[in-house]
Amino acid sequence: MEKFKFKTNIKCGGCIAKVTPSLNGEKNILKWQVDTNSTDKVLVVESENLNSQDIINLLAKAGFEAQPLTN
C-alpha cells in the first residue's frame, strides 16, 4: 500500500460529494480523505497498484485539479 498527498481544488462538501463516486469506484483506492479546512485542500489517498498520475487523472475526470505534495 502507498499513501499519496495532493493539493486540490476540492473546497466543500458539495465538491466532496461530486468526487466521491470516482474515488470510491476505483477498486485500487483503499481509503481517502480531504481536509477542506487546510489552505491546500489536502487530499490523502491510500492505494494499491496506482501511481500519483493515475489518481490525478481520476480527479480530472471528476472535474478537479490535483498536484502532488511531497511529505
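Q: Is Lys 3 buried or exposed?
A: In this predicted model, Lys 3 counts as exposed, because its relative accessibility is 53% and the cut-off for exposed is over 50%.

Q: What does Lys 3 form a salt bridge with?
A: With Glu 46; the closest N and O atoms are 3.8 Å apart. Lys 3 sits in strand β1, residues 2-8, and Glu 46 in strand β3, residues 42-47. That pair links distant parts of the chain, 43 residues apart.

Q: And Glu 46, buried or exposed?
A: Glu 46 is buried, with a relative accessible area of 14%.

Q: Which residues do the shared partners join into one network?
A: Lys 3, Lys 31 and Glu 46.

Q: Different topic. How many salt bridges does the structure hold?
A: The structure holds 3. One of them is between the side chains of Lys 7 and Asp 40, 3.9 Å from N to O.

Q: Where do Lys 7 and Asp 40 lie?
A: Lys 7 is in strand β1, while Asp 40 is in the loop between β2 (29-35) and β3, so their pairing ties together parts 33 residues apart in sequence.

Q: What do Lys 7 and Asp 40 count as in accessibility?
A: Lys 7 counts as partly exposed, at 35% relative accessibility. Asp 40 also counts as partly exposed, at 29%.

Notes. Residues numbered from 1 in each chain as written. Predicted model: local features only at pLDDT ≥ 70, side-chain atom pairs only at ≥ 80, totals over all residues. Heavy atoms only, no water. Salt bridge = Lys/Arg side-chain N within 4 Å of Asp/Glu carboxyl O. Helix = DSSP H or I, 4+ residues; strand = E, 2+ residues; numbered from the N terminus. Buried < 20%, exposed > 50% of the residue type's maximum accessible area, 1.4 Å probe, protein only.
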